[in-house]
Amino acid sequence: MTIYFYSTRDRYGCFSNFSPHGFELEGVYWSTTEHYFQAQKFAETPHCEQIRQVKTPKDAAKMGRDRKRPLRPDWEQVKEEIMGKAVLKKFQSHADIREILLGTGEEEIVENSPIDYYWGCGADGSGKNRLGVILMEVRQVIRANPENIQT
Ligand SMILES: Nc1nc(O)c(N)c(N[C@@H]2O[C@H](COP(=O)(O)O)[C@@H](O)[C@H]2O)n1
């Protein structure tokens, strides 16, 4: 049975990038995958650190989507790799949510976002669901490489 997630309050809320599961990447701590993802839109500029330090993932998303900040020119080419790296690190860093992810077996995972047709499935289910696909890939990577987890 397909597993849908969206709000952090739902059963599979830990799959959301807004879930409060921090991790270290590039020598610094990120409060959520959303913080990391949004900040990378401005890598090597002061905006990156500014976003890293905001309190909530909602604030990070708001800042990252604000086009007054100039988006790095290669963003469309690198965004999937950045998302994959952050989601993998999140699940490598937290045993509790790793077990939830592994416990989904081979089920399809779908970000049930009514507005996001790229990372989610969109209102009518026609979206690309790239975040769901990345979660399924991360599940496979963790299963194949159990030695690469932080306890
Ligand atoms: N909660 C929530 N609200 C939205 O408006 C969304 N688009 C999403 N989806 C998540 O948004 C992130 C990517 O956003 P942008 O590419 O910067 O627009 C990503 O974490 C999606 O899972 N969620």
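Visitor: How far is a polar side-chain atom of D116 from a nitrogen atom of the ligand?
Guide: The distance is 3.1 Å, between a polar atom in the side chain of D116 and a nitrogen of the ligand. Keep in mind that this is a predicted model.

Visitor: And how much of the ligand does the protein bury?
Guide: The ligand taken alone exposes 500 Å², and the protein buries 78% of that.

Visitor: Back to contacts. What about the side chain of E34 and an oxygen atom of the ligand?
Guide: An N or O atom in the E34 side chain lies 2.5 Å from a ligand oxygen.

Visitor: And Y6, how far is that one from a nitrogen atom of the ligand?
Guide: A polar atom of the Y6 side chain is 3.4 Å from a nitrogen of the ligand.

Visitor: How many residues surround the ligand, and which are the closest?
Guide: There are 14 residues around the ligand. The closest are N17, E34, K41, R65 and E111.

Visitor: What classes do the residues in that shell belong to?
Guide: Seven are nonpolar, five are charged and two are polar.

Visitor: Which helix gives the most to the shell?
Guide: That is helix α1, which covers residues 33–39 and gives three residues to the shell around the ligand.

Visitor: Which pocket is the space taken by the ligand?
Guide: The ligand takes up the space of the largest pocket.

Visitor: Different topic. How many helices and strands are in the chain?
Guide: The chain has six helices and four strands. Starting at the N terminus, the order of elements is β-β-β-α-α-α-α-α-β-α.

Visitor: How does the radius of gyration compare with what the globule rule gives?
Guide: The chain has a radius of gyration of 15 Å, and the globule rule gives 15 Å for 151 residues, so the chain is as compact as a globular protein of that length.

Visitor: What box do the C-alpha atoms fill?
Guide: Taken along the principal axes, the box is roughly 40 × 40 × 30 Å.

Visitor: Now the backbone. What is the phi of E26?
Guide: E26 is not a glycine, yet its phi is positive, at about 55°.

Visitor: Where is E26?
Guide: E26 is in the loop between β2 (23–25) and β3 (28–30).

Visitor: What about the phi of N129?
Guide: N129 has a positive phi of about 55°, and N129 is not a glycine either.

Visitor: Which loop holds N129?
Guide: N129 lies in the loop that runs between β4 (109–111) and α6 (130–144).

Definitions and conventions:
Residues numbered from 1 in each chain as written. Predicted model: local features only at pLDDT ≥ 70, side-chain atom pairs only at ≥ 80, totals over all residues. Heavy atoms only, no water. Near = heavy atom within 4 Å. Polar contact = N/O pair within 3.5 Å; in protein donor to acceptor, adjacent residues only side chain to side chain. Areas by Shrake-Rupley, 256 points an atom, 1.4 Å probe, with all protein chains shown as cover. 1 Å grid on protein atoms, 1.4 Å probe; cavity = no way out; pocket = protein on both sides within 12 Å on 5 of 7 lines; lining within 4 Å. Sits in = over half its atoms within 2 Å of the grid points. Helix = DSSP H or I, 4+ residues; strand = E, 2+ residues; numbered from the N terminus. Nonpolar A, V, L, I, M, F, W, Y, C, P; charged D, E, K, R; others polar. Rg over C-alpha atoms; globule rule 2.2 N^0.38 Å.
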